[in-house]
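I opened the notebook today to write down what I looked up in this structure, one topic at a time. The entries follow the order in which I went through them.

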Amino acid sequence: FRTSRVRKMSPFMLTFSGDSESPGSLYTHEGEEFLLVLSGRAELHIEEDRFDLDEGDSVYLDAGLRHRLTRLGEEEVKVLAILCR
């Protein structure tokens, strides 16, 4: 197979645990973002709204909106994230 040097999607795994989280503000970037919670519970902040996400939940958002994903509870959270330009 051939791969393109101009990629429109960037998939990666996010892991949130007690040692890896630091307080921060909401952020923005170009493009769109898809998130799928693989394990644990997370809270998604988009602008002034907050959404609880459980294992199996997914969300697709405009990454130009101010947003941030954080862990809910003490359990480690794993999230598949795909950023699209």
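**Entry 1**

I began with Glu48, which counts as exposed, because its relative accessibility is 70% and the cut-off for exposed is over 50%. I note here that I am working from a predicted model.

I then looked up what the side chain of Glu48 meets, and I found a salt bridge with Arg66, at 3.1 Å from N to O. This pair links distant parts of the chain, since Glu48 sits in the loop between S3 and S4 and Arg66 in the loop between S5 and S6, with 18 residues separating them.

**Entry 1: Glu47, next on the list**

Which residue is the other one that I found in a salt bridge with Arg66? It is Glu47, whose side chain meets that of Arg66 at 3.3 Å, N to O. Here too distant parts of the chain are linked, with Glu47 in the loop between S3 and S4, Arg66 in the loop between S5 and strand S6 (67-71), and the two residues 19 apart.

I checked the exposure of both partners: Glu47 is partly exposed at a relative accessible area of 32%, and Arg66 is partly exposed at 33%.

I also looked at the backbone, where Glu47 has a positive phi of about 55° although this residue is not a glycine. I placed Glu47 in the loop between S3 and strand S4 (49-53), and I see that S3 and S4 form a hairpin with two residues between them, Glu47 being in the turn.

**Entry 2: the nonpolar core**

Which residues touch the most other members of the largest nonpolar core? I found that the core has 13 residues, and that Leu35, Leu44, Leu61, Leu69 and Val79 are the ones that touch the most other members. Two or more residues each come from strand S2 (32-39), strand S3 (42-46), strand S5 (58-62) and strand S7 (77-84). I keep in mind as background that nonpolar side chains in soluble globular proteins tend to be buried together.

**Entry 3: the remaining salt bridges**

My search of the whole structure gave five salt bridges. One of them joins Lys78 and Glu76, with their closest N and O atoms 4.0 Å apart. Both partners are partly exposed, Lys78 at 33% relative accessibility and Glu76 at a relative accessible area of 36%.

**Entry 4: Ser17**

Last, I looked up Ser17, which lies in the loop between strand S1 (9-16) and S2. Is Ser17 buried or partly exposed? At 22% relative accessibility Ser17 counts as partly exposed, because buried requires under 20%.

I then asked what Ser17 touches beyond its neighbours within four places in sequence, and I found contacts with Arg71 and Glu76. I also recorded that Ser17 and Glu75 are 58 residues apart in sequence and 7.1 Å apart in space, C-alpha to C-alpha.

Terms used. Residues are numbered from 1 along each chain as its sequence is written. This is a predicted model: local features need pLDDT of at least 70, side-chain atom pairs count only at pLDDT 80 or more; totals for chains, interfaces and linings use all residues. Side-chain values use heavy atoms; hydrogens and water are left out. A nonpolar core is a set of buried Ala, Val, Leu, Ile, Met, Phe, Trp, Tyr and Cys residues joined through side-chain atoms within 4.5 Å. Buried means under 20% relative accessible area, exposed over 50%, partly exposed in between (1.4 Å probe, protein chains only). Helices (H or I, at least four residues) and strands (E, at least two) are DSSP runs, numbered from the N terminus. Contact means heavy atoms within 4.5 Å. Two strands pair if DSSP finds at least two bridges between them.
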